[in-house]
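Subject: Structure handover

Hello,

Here is the structure we talked about. Please open it alongside this note, and read on for what was found.

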Amino acid sequence: MALQLSSQYIDGLIQGIESITQNRCSLSDEDRNLLRQVIVILKRYKRKRASGDAASLTLVIRAVELLTKFFL
């Protein structure tokens, strides 16, 4: 149950970021690329998270790092 709920949150985050990249003409190319990187990382995390390894945690940390750059 928790894994399914987590999957839904990740899907929602991916959809939200995709919506931002598609509907915001004021974004710079750098911002768009950064958000696309986050999407790739989140999709990779979604595939790997079942293993619960350190690489999965590293992906989450990288995604948060990139999102922080975007919002600051």
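**Charged pairs between helices**

Lysine 46 is partly exposed, with a relative accessible area of 29%. Keep in mind throughout that this is a predicted model. Lysine 46 forms a salt bridge with aspartate 11, and the closest N and O atoms are 2.3 Å apart. Lysine 46 sits in helix α2 and aspartate 11 in helix α1, so the pair ties together parts that are 35 residues apart in sequence. Aspartate 11 is also partly exposed, at 27% relative accessible area.

The side chains of glutamate 18 and lysine 43 meet in a salt bridge at 3.7 Å, N to O. Glutamate 18 belongs to helix α1 and lysine 43 to helix α2, so this bridge ties together parts 25 residues apart in sequence. Glutamate 18 counts as partly exposed at 26% relative accessibility. Lysine 43 is partly exposed too, at 38%.

How many salt bridges does the structure hold? There are 3. Arginine 62 is partly exposed, with a relative accessible area of 32%. Glutamate 65 is partly exposed at 36%. Side chains of opposite charge can pair when their charged atoms come close.

**The overall fold**

Now the wider view. The protein has 3 helices and 0 strands. Along the sequence the pattern reads α-α-α. Of the 72 residues, 29% are buried. The accessible surface comes to about 5,100 Å², and 57% of it belongs to carbon and sulfur atoms. Take the contacts with a separation of 6 or more: residues 24 or more positions apart account for 56% of them.

Helix α2 covers residues 29-48 and has 20 residues. From first C-alpha to last it reaches 29 Å, close to the 28 Å expected at 1.5 Å a residue. Its buried residues are Arg32, Leu34, Leu35, Val38, Ile39, Ile41, Leu42 and Tyr45.

**The nonpolar core**

Which residues touch the most other members of the largest nonpolar core? They are Ile17, Leu35, Val38 and Leu42, out of 16 residues in that core. Helices α1, α2 and α3 (54-71) each give two or more residues to this core. The largest share, 7 residues, comes from α2. In soluble globular proteins, nonpolar side chains tend to be buried together.

Leaving out residues up to four places away in sequence, isoleucine 17 touches Leu35, Val38, Ile39, Leu42 and Leu67.

**Two more residues to look at**

Is threonine 21 buried or exposed? Threonine 21 is buried, because its relative accessible area is 12% and the cut-off for buried is under 20%. This residue is found in helix α1, which spans residues 2-23. Its side chain reaches the backbone oxygen of glutamate 18 at 2.8 Å. Threonine 21 also touches Leu27, Arg32 and Leu35, not counting residues up to four places away in sequence.

Arginine 47, in helix α2, counts as exposed at 64% relative accessibility. Arginine 47 and serine 7 are 40 residues apart in sequence. In space they are 9.9 Å apart, C-alpha to C-alpha.

Best wishes

Methods: Residues are numbered from 1 along each chain as its sequence is written. This is a predicted model: local features need pLDDT of at least 70, side-chain atom pairs count only at pLDDT 80 or more; totals for chains, interfaces and linings use all residues. Side-chain values use heavy atoms; hydrogens and water are left out. Helices (H or I, at least four residues) and strands (E, at least two) are DSSP runs, numbered from the N terminus. Buried means under 20% relative accessible area, exposed over 50%, partly exposed in between (1.4 Å probe, protein chains only). Contact means heavy atoms within 4.5 Å. Accessible areas come from the Shrake-Rupley method with a 1.4 Å probe; for residues, only the protein chains shown count as cover. The expected span of a helix is 1.5 Å times one less than its number of residues. A polar contact is a pair of N or O atoms within 3.5 Å; within protein, one must be able to donate a hydrogen and the other to accept it, and residues adjacent in sequence count only if both atoms are side-chain atoms. A nonpolar core is a set of buried Ala, Val, Leu, Ile, Met, Phe, Trp, Tyr and Cys residues joined through side-chain atoms within 4.5 Å. A salt bridge is a side-chain nitrogen of Lys or Arg within 4 Å of a carboxyl oxygen of Asp or Glu.
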